[in-house]
Amino acid sequence: MTVQFQVRPTDRPTPPQTREEILTDPGFGRYFTDHMVTVAWTPDAGWHDHQVTALAPITLHPGAAVLHYAQEILEGLKAFRHADGSVWLFRPTLNARRFAASSRRLVLPELDEETFVESVAALVRADEAWVPGYGGEQSLYLRPFMYATEAFLGVRPARQVTYSVIACPAGAYFPGGVTGVTLWISTRYSRAAIGGTGSAKCGGNYAASLDPQREALEHGCEQVLYLGGEQRRDIDESGTMNVFFVTADQELLTPSLGTILDGVTRDSVLTLAATHGLKPVERSISLDELRAGLADGTVTEAFAAGTAAVITPIVGFKSEEFTASVGDGEPGTYTRQFREHLLDIQYGRAEDTHGWMHRVL
Ligand SMILES: Cc1ncc(COP(=O)(O)O)c(C=O)c1O
């Protein structure tokens, strides 16, 4: 039976005129909607108090485990408005499954798939006015997260946990037209170690990425490309995106799962590859192989895939060892096709042959 969320609407909603002003240029992660979801957990009561209430600051004991030992996980997905006014989520059950996998790695309680999807849907319904209109590639970004609230010092799994969902309107990622990024290949930092938390979506991974990201910016690059594998010489992933390479013999190459995040966009691109005449291949790709492929033209395109930007063309790489551009340094044809195809499915312009869209309103 689907869990019912108790909805207590805010008595101080954002005035419609202010909200409309925000929606003309929401950017990303700058404005929050009027409501939030919370659900509490203890070992005795299990999950309880499923609520949608006014967005408000939270009170935590200074000894709350999350503040000391980072027992926390998160997710990110979007709601899209279609031309007929309806509102849809993109593959939310994959986020639910990944959230459950992250909770197992961080020894947090598991939330079942149905409750996860319903919690996100309940927030979208409460904040429907914040879902941007159709056209212009805007969406409502949803951020489910779970954190340890029990107050104690000592490293063990917490016995009090809160699950929550908040939301932010998100503007078009490339308002001035799709441009490419150059990635800084970090030989100094790793994102994940074998047996570490790389495949979990936990806040600590992102805290550890701030210094490498600073290094990338210092070198004139927009993002980091991390290396992994036993020798730290294999392509891993970017800071918040999985990476893909198109080869001259029509392969769509991406690093195998293991230490990387199992991206929803990654899975979707792999599924669509054959439709675009490419053979999807998941395997380890060494930095040397990439470097040689860029030099001899075997690697014709590169792109990154993730919920925020969908597909971001990669037009160059820089490292302590070399600098290389991809192809002619412009976003590639397949890259553009994948981007259009995914956006067309998400906004209801292309047939959803895989049943990926989940209607909320
Ligand atoms: C480290 C990392 N890799 C990849 C991704 C892409 O995953 P998805 O396509 O599910 O957004 C993300 C974004 O969540 C991420 O943070």
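1. The model discussed here is predicted.

2. In the side chain of Thr265, an N or O atom is 2.6 Å from an oxygen atom of the ligand. For Thr307, a polar side-chain atom lies 2.6 Å from a ligand oxygen. Val264 takes part through its backbone, where a polar atom is 2.8 Å from an oxygen atom of the ligand. On its own, the ligand has 380 Å² of accessible area, and the protein covers 96% of that area.

3. The next point concerns the space itself. The ligand takes up the space of the largest pocket. This pocket holds about 600 Å³ of space. It is lined by 31 residues, among which Gly76, Tyr141, Arg143, Lys201 and Thr240 are the closest to its centre.

4. As to the composition of the lining, 15 of the residues are nonpolar, 10 are polar and 6 are charged.

5. At least two lining residues of the largest pocket come from each of β4 (72–74), β7 (139–148), β8 (161–170), β11 (234–238), α7 and β15. The largest share of this lining, 3 residues, is supplied by β7.

Key
Residues numbered from 1 in each chain as written. Predicted model: local features only at pLDDT ≥ 70, side-chain atom pairs only at ≥ 80, totals over all residues. Heavy atoms only, no water. Polar contact = N/O pair within 3.5 Å; in protein donor to acceptor, adjacent residues only side chain to side chain. Areas by Shrake-Rupley, 256 points an atom, 1.4 Å probe, with all protein chains shown as cover. 1 Å grid on protein atoms, 1.4 Å probe; cavity = no way out; pocket = protein on both sides within 12 Å on 5 of 7 lines; lining within 4 Å. Sits in = over half its atoms within 2 Å of the grid points. Points joined across faces, edges and corners; volume = space filled by probe spheres on them. Helix = DSSP H or I, 4+ residues; strand = E, 2+ residues; numbered from the N terminus. Nonpolar A, V, L, I, M, F, W, Y, C, P; charged D, E, K, R; others polar.
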